[in-house]
Amino acid sequence: MNRNSTLYVLLLSLLLLGGCASQARFPDNPPLAAAKPTLSPITPDSTVLLMTLSGGGSRASAFAYGVMEALHQTPLTTRPDAPTLLDKVDLISAVSGGSIIAAYYGLHGDRLFERFRDDFLKQNVRDEIRQRMLSLENLSRLSSTTFGSGDILDEYFREKLFGERPLSELFDDQGPVIIINATDLFKGSRFGFTPELFSLICSDNEHFPVARAVAASSAVPLIFTPITLTNRAGSCGAPVPEWVRVGLTEKAKNPRRYRLARTWSRYLNRPEHPYVHLLDGGLADNLGLRAMLDQIIIHDGLDDTLKHDMLAQARRIVLIEIDAAARLPSEWEKKPDHPPQTVILDAASTTPLSNYNFETKAYLHSQLEPWLRQNGAAPCRDQARCQPELYIIEINLDDSSEQLDGQPLSTIPTDFNLPEQAAERLIEAGNQLLRQHPEFSRLLKDLYAEMAGFR
């Protein structure tokens, strides 16, 4: 144990033994007085562009920045004021490190490319948060049972990145819809910071800080304590979603929808579940894909999902999956020695997560199979009878040939601090992998042809 950690434990012990335990409490989520109708998050258009940003700390943020930069540098016409492909993005679903850059873009738009490097990627966030936790004021607050290190992470994000700007700004018409995803610790399920789920627990997203949602999505267990919400379900007149009522009757017929409906219905039992404890979104879905999958499950297939989300006019659906997953170091496989506990813990969490990521992708792609088969066929002349054309663009950090100190970029630790030169290498990797992707090239060709009036 290092000197700072010893000092932390000593001071915290003195506070507790001295009867000085703090009464500090997490900032409560404001109640919703009356439920409001939720609107479709996507505006009807010929092209629907969806993005998912994986977890992975600052590594994931930098890698996603590179992909978003390439989209930002791709104009749709030759006009000087032409919109870019990034402007066409309709929805971003993100977890953990990916949620930081997603929320930043959702609030600041193209200023992302002017400020995010300095505001986050070049900062040693890990050490600053550690110093905050070791301050006397915070040591006192941390002695409370209702205030923890996750709340300090929330405060850091408020001060440095997001201010007090509310969650509702991620769902306005000023840019893409941003879904920040965390994990409900005791339900083991994805918790999306969406108007629908906030309405269910009667919480006001117009006065809930984006910073707190991002802190929940990024709160790595054992390092950060959960972000806690008060569940006020039943107090605001919000109706139970019809799909929940139907799903609860389909245990044998539709087990996936039944399971999802059962999770949502547990929030409605407020006496048994008055609080919601949220941790790193990667525990339930490290890819950000579950938000898309849940919609398919809710509407019992892609056809009804498209109709429900007002996507009937879409001629093409583009899904860009950005995966900055870590690669485990291989040097321990070359030794008979027992790996240290930190390496064992990392492997024990990374390996199951990798397997789950694979299954998540496989299930989504199986649902999209009819659209995948249509790709490459002759153009459809009757749009009313056509299925939209699908472009799946998987951007995996492990596919990059870029290296740092002779090691693949995917071996950069999952942390809130990047080694020197790592940010620029990760950004370049994301930029190059998107530009070199064959499906991206096909998309650009089709978009330019449509704009030229050939399709």
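**View 1. E321 is buried, its relative accessible area being 2%.** The model shown is predicted, so local features are described at a pLDDT of at least 70 and side-chain atom pairs only at pLDDT 80 or more, while totals for chains, interfaces and linings use all residues. Residues are numbered from 1 along each chain as its sequence is written, and side-chain values use heavy atoms, with hydrogens and water left out. The term buried stands for under 20% relative accessible area, with exposed for over 50% and partly exposed for values in between, using a 1.4 Å probe and protein chains only. E321 belongs to strand β7 (residues 316-323); strands (E, at least two residues) and helices (H or I, at least four) are DSSP runs numbered from the N terminus. With neighbours within four places in sequence left aside, E321 is in contact with T52, L289, K361, L364, H365, I392, I393, E394 and I395, where contact means heavy atoms within 4.5 Å.

**View 2. The chain as a whole has 17 helices and 10 strands.** Of its 455 residues, 51% count as buried. Its accessible surface, computed by the Shrake-Rupley method with a 1.4 Å probe, comes to about 21,600 Å², and carbon and sulfur atoms contribute 52% of this area. Among the contacts in the chain with a separation of 6 or more, 78% are between residues 24 or more positions apart.

**View 3. Strand β3 (residues 177-184) is largely enclosed by the rest of the structure, because 8 of its 8 residues are buried.** Strand β2 (residues 89-95) runs parallel to β3 and is joined to it by 5 bridges, and within this pairing A94 has I180 of β3 as its bridge partner; two strands are taken to pair if DSSP finds at least two bridges between them. Strand β4 (residues 189-192) pairs with β3 in the antiparallel sense over 4 bridges, with G192 in β4 as the bridge partner of N181. β3 and β4 form a hairpin with 4 residues between them, and G188 in the turn has a positive phi of about 70 degrees. A further antiparallel partner of β3 is β6, joined to it by 2 bridges, and here T183 stands opposite L279 of β6.

**View 4. Strand β5 (residues 227-230) is buried on both of its faces, with I227 and L229 pointing one way and T228 and T230 the other.** In a regular strand, side chains alternate between the two faces of the sheet. β5 pairs with strand β6 (residues 275-279) in the antiparallel sense over 4 bridges, and I227 has L278 in β6 as its bridge partner.

**View 5. Helix α5 (residues 125-133) has V125, I129, R132 and M133 among its buried residues.** These residues cover an arc of only 100 degrees around the axis, which puts them on the same side of α5; the arc is that of the directions from the helix axis to the C-beta atoms. An α-helix has 3.6 residues a turn, so residues three or four places apart point the same way.

**View 6. The structure holds 14 aromatic pairs.** One of them, formed by Y104 and F116, is edge-to-face, with 5.0 Å from centre to centre and 65 degrees between the planes. Y104 lies in helix α3 (residues 96-108) and F116 in helix α4 (residues 112-121), so the pair ties together parts that are 12 residues apart in sequence. Rings of Phe, Tyr and Trp (its six-membered ring) are paired if their centres lie within 6.5 Å, and planes under 30 degrees apart count as stacked, over 60 as edge-to-face and the rest as tilted. Both Y104 and F116 are buried, and ring pairs link Y65, Y104, F113, F116, F120, F224 and F416 into a cluster.

**View 7. S218, in helix α9 (residues 210-218), counts as buried at 0% relative accessibility.** Apart from neighbours within four places in sequence, S218 is in contact with S96, S99, I100, L153, F157, F224 and F416.

**View 8. A422, in helix α16 (residues 422-435), is buried with a relative accessible area of 0%.** A422 and A62 are 360 residues apart in sequence but 8.6 Å apart in space, C-alpha to C-alpha. Leaving aside neighbours within four places in sequence, A422 is in contact with L404 and I412.
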